[in-house]
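Visitor: I'm new to this one and would like a tour. Could you show me how to read it, feature by feature?

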Amino acid sequence: MKMMTPENETELSEAVQGAAGPLRVVGGGTRPVGHDVVGEVLSTSGMSGIVDYEPGALTLVAGAGTPVQEIEAALAAEKQRLAFEPMDYRALMGTTGTPTIGGVVAANVSGPRRISVGACRDFLLGVRFVDGTGRVLKNGGRVMKNVTGYDLVKLMAGSRGTLGVLSEVSLKVLPVPETEATLILHGQEAGEAVAAMSAALGSPYEVTGAAYLPQVAGESPDVMLRLEGFEASVAYRLGALEAVLSSYGDMSVVRGDASREAWSRVRDVEMFAAGDGDVWRISLKPSDAPDILERMGEDVRVQLDWGGGLIWAMGTAGQDLRARLEPFRGHATLMRASAQTRGAIAVFQPEPAPLGKISQGLRDKFDPRGILNPGLMGRLL
């Protein structure tokens, strides 16, 4: 299959403007979620490099094709980070390639810390992109005080290349905390786990991660609660949180690198990486999680994040897990499955008619020819 790899915004504009048919827009190719898009591959990987980084201003500007690893290395040298903790999908999805910052933004990829600091879109200051007609558009800026114009910045986050092809993104970054620790509650059932996570998140002790791993072979169900900050502050808050949660039974603590490694496994959903089943990502109200888990059945393995507001589930290949859950208030996305299953089961949660009309209107406005990832999120040529 032919691949176009423009190296700058002008070449990107010309490629889109001159396209005679559908374009499959990709970054590093590590997150192939959705229907297989037929057409020429348009990769943003050639538009790579950090354009501007001002540690004192906590801002970074980079080409859409810049590897996330390159950005994280530059930030680490200044003891800073992408606070929204983007997931690396390669192990879970069985893909290769290099995660890019444009792909992170296009899919609004956000890790366990979202529960406390927000999503990728909340750290976006500005974007530059090419729409479906080849026009170069920009919105936002390179500084945190720039709030002029319509908020296309947040609109582009999560649009998965269906409204435009990102060429450059501007991000707010944050300092790396001095230390971190994770309080682990052992042997919790789902209802208890969600209650414990809610109590921790509702406390004044600034929990930055709340996850539940109920079905890990050979181990008891665990609730994980993360605290970050200055060492003395973490120590105080850890003791206070242990007191708040004392009624939930046995506890243990991991610190430093051990804590970071544990949350990396949660972030990347490593427990499902070697499995054979289909993987679903379910977003819902945390208090609804115990009921949803019961509806899933014992044949489905799960991991809960965001205090119970995000469920990763692995079930039997080819089965529509969403059908077991309906009706429910939330969104279930089929993340990993065969092409045959993705063709038979809606990958994204079907939109209510009024919302679907708005979504279609946006696609018609930004991509009137319908050439950018057609069918990926609803529209087919």
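Guide: Let's start with pockets, and with the words we need for them. A pocket is an open set of grid points with protein on both sides within 12 Å along at least five of seven lines, and its lining residues have an atom within 4 Å of a point. Keep in mind that this is a predicted model.

Visitor: Which helices and strands each supply at least two residues of the lining of the largest pocket?

Guide: Helix 6, helix 9 (256-267), strand 15 (278-284), strand 17, strand 18 (330-336) and helix 13 (353-366) do. Helix 13 gives the most, with four residues.

Visitor: How much space lies in that pocket, and which residues are closest to its centre?

Guide: The space comes to about 1,300 Å³. There are 46 lining residues, and Gly158, Arg160, Phe348, Glu351 and Met377 are the closest to the centre. By type, the lining divides into 23 nonpolar, 14 polar and nine charged residues.

Visitor: Now the overall fold. What does the secondary structure of the chain come to?

Guide: It comes to 13 helices and 18 strands. The C-alpha trace spans about 65 × 50 × 35 Å along its principal axes. For 381 residues, a compact globule would have a radius of gyration near 21 Å, and this chain agrees because its own value is 21 Å. Buried residues make up 52% of the chain.

Visitor: And how do I read the nonpolar cores?

Guide: Think of buried nonpolar residues joined through side-chain atoms within 4.5 Å. In this model the largest such core has 45 residues, and Leu166 and Trp312 have the most contacts inside it. Among the elements that give it two or more residues are strand 5 (59-63), helix 2 (68-77), strand 9 (165-172) and strand 17 (310-315). Its largest share, four residues, comes from helix 4. A second, separate core of 40 residues includes Ala181, Ile282, Leu284 and Ala337.

Visitor: What does Trp312 touch?

Guide: Leaving out residues up to four places away in sequence, its partners include Met87, Tyr89, Leu92, Phe272, Trp280 and Met335.

Visitor: What share of the chain's contacts joins residues at least 24 apart?

Guide: Among contacts between residues at least 6 apart in sequence, 71% do.

Notes. Residues are numbered from 1 along each chain as its sequence is written. This is a predicted model: local features need pLDDT of at least 70, side-chain atom pairs count only at pLDDT 80 or more; totals for chains, interfaces and linings use all residues. Side-chain values use heavy atoms; hydrogens and water are left out. Buried means under 20% relative accessible area, exposed over 50%, partly exposed in between (1.4 Å probe, protein chains only). Contact means heavy atoms within 4.5 Å. On a 1 Å grid over the protein atoms alone, a cavity is a set of points where a 1.4 Å probe fits but cannot get out, and a pocket is an open set with protein on both sides within 12 Å along at least five of seven lines; lining residues have an atom within 4 Å of a point. Grid points are joined across faces, edges and corners, and a volume is the space filled by probe spheres set on the points. Ala, Val, Leu, Ile, Met, Phe, Trp, Tyr, Cys and Pro count as nonpolar, Asp, Glu, Lys and Arg as charged, and the others, Gly among them, as polar. The radius of gyration is taken over C-alpha atoms; the globule rule is 2.2 Å times the number of residues to the power 0.38.
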